[in-house]
Amino acid sequence: MVMTTNMITITEKTSEKTTEEVVERTTPTTTEKTVKRTSEKITPTTTEKITETVTERTTALPLAETAAMTTAAASTATAEPRASGAPAGDLPAGALPGSVLSVRGLRKDFTLHTIDGRVVEALHGVDLDVSPGEHVALAGTSGAGKSTLLRCVYRTYLSGSGSIWFRTAGGERVDIATLPDSDIADLRGKEIGYVSQFLRPQPRRSVLDIVTASGIARGMHRADAKEAAAQALRQVDIAERLWDMHATVLSGGQKQRVNIAAGTISPPRLLLLDEPVSALDPANRAAVLETIARLEETGTAVLSVFHDLDAIERLATRVVVLGSGRVLASGSPETILHDVNLPLEVAR
């Protein structure tokens, strides 16, 4: 049985009118509350209208499961609380020993508030490991969940359930899915890098400053970081006359190469690559692929998305195929990329 409650509240001030509509949908196991708040600010010459929609969903456990959890909690009430990090020896179930990244049971969905509130499931219990020096390429058709998985690992997206275990330089295992935002920001600066298709630089910052800042964030002294930034920019063929220019004026391909330089300077423990060569011409593409290939020598773990058969064959040590948010296959590039039964979407 589903119960729906609809409540509308209107508040008016001299020049502002706020309408709040609350809808609650209740089933035996879940309660979903949607608040749609519309504000109108009125002046003699203008009317500004702002609409905000927020959905909260609560799931009630079956009574038997709730009772079992209550009993278990009572029996361990005197135990020490477990920290968000786990010791190096505390290996997640099924994870590879020594892995930098271990994803277990990862799920993610999206609520489309502008299209009748429907829920789109993107990831359905994904398991994945990446070891030091390993390059794991994600393959599959558009909408398979490849970029969503990268963004969950980087915590741009909050996952619905599951764990994302990351082994830090100190040997501690932390669950990215549950870490506080301040700890995530620290990991992003020092140990986890992310290179997307697009560079969104801060205004009025030069190309050299952007790449140097990445090195400083990873623990380099400023002078060393500036020298390493210059070397990284040369490797991706960014002309020296562009180094003191604001990155916002660069072309799409130039921005993408600056992004790669910033991502690979003082290489992090884990680097996430989302279509890093999509806007490059053949010559610059070759230079970037060579830069990425050298990461294996540094022990950097790489998790990437490419729609380019040649790039995957050249760089990947293992290919994981996603389909409808699930892992369909995992193996060597030679085996996976030429399997006609797998749903791949790569340029050949």
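Helices, taken here as DSSP runs of H or I of at least four residues, are numbered from the N terminus. In this predicted model, K190 and D186 both belong to helix α3, where they stand 4 residues apart, about one turn of the helix. The two side chains form a salt bridge in which the closest N and O atoms are 3.6 Å apart. K190 has a relative accessible area of 46% and is therefore partly exposed, and D186, with a relative accessible area of 40%, is likewise partly exposed.

D274 is buried, its relative accessible area being 2%, whereas R151 is partly exposed, at 27%. A further salt bridge is formed between D181 and R155, the closest N and O atoms being 2.6 Å apart. This pair also links distant parts of the chain, since D181 is in helix α3 and R155 is in the loop between α2 and β9 (161–167), 26 residues away. D181 counts as exposed, with a relative accessibility of 59%, while R155, at 11%, counts as buried.

R155 is also one of the residues that line the largest cavity, together with V153, Y154, I176, I184, L187 and I192. The elements contributing two or more residues to this lining are α2 (146–154) and α3 (181–190). By class, the lining comprises 6 nonpolar residues, no polar residues and 1 charged residue. The space within this cavity amounts to about 30 Å³, and a search of the whole structure finds 1 cavity of 30 Å³ or more.

D175, located in strand β10 (residues 173–175), is buried yet has no salt bridge, and the nearest side chain of opposite charge, that of R155, is 7.5 Å away. The side chain of D175 does, however, reach the backbone nitrogen of I164, at 2.9 Å.

In the loop between α4 (207–217) and α5 (222–235) lies G219, which counts as exposed because its relative accessibility is 63%, the cut-off for exposed being over 50%. The C-alpha atoms of G219 and E191 are separated by 10.0 Å, the two residues being 28 residues apart along the chain.

Note on methods: Residues are numbered from 1 along each chain as its sequence is written. This is a predicted model: local features need pLDDT of at least 70, side-chain atom pairs count only at pLDDT 80 or more; totals for chains, interfaces and linings use all residues. Side-chain values use heavy atoms; hydrogens and water are left out. On a 1 Å grid over the protein atoms alone, a cavity is a set of points where a 1.4 Å probe fits but cannot get out, and a pocket is an open set with protein on both sides within 12 Å along at least five of seven lines; lining residues have an atom within 4 Å of a point. Grid points are joined across faces, edges and corners, and a volume is the space filled by probe spheres set on the points. Ala, Val, Leu, Ile, Met, Phe, Trp, Tyr, Cys and Pro count as nonpolar, Asp, Glu, Lys and Arg as charged, and the others, Gly among them, as polar. Buried means under 20% relative accessible area, exposed over 50%, partly exposed in between (1.4 Å probe, protein chains only). Lys and Arg count as positive and Asp and Glu as negative; His and the chain ends are not counted. A salt bridge is a side-chain nitrogen of Lys or Arg within 4 Å of a carboxyl oxygen of Asp or Glu. A polar contact is a pair of N or O atoms within 3.5 Å; within protein, one must be able to donate a hydrogen and the other to accept it, and residues adjacent in sequence count only if both atoms are side-chain atoms.
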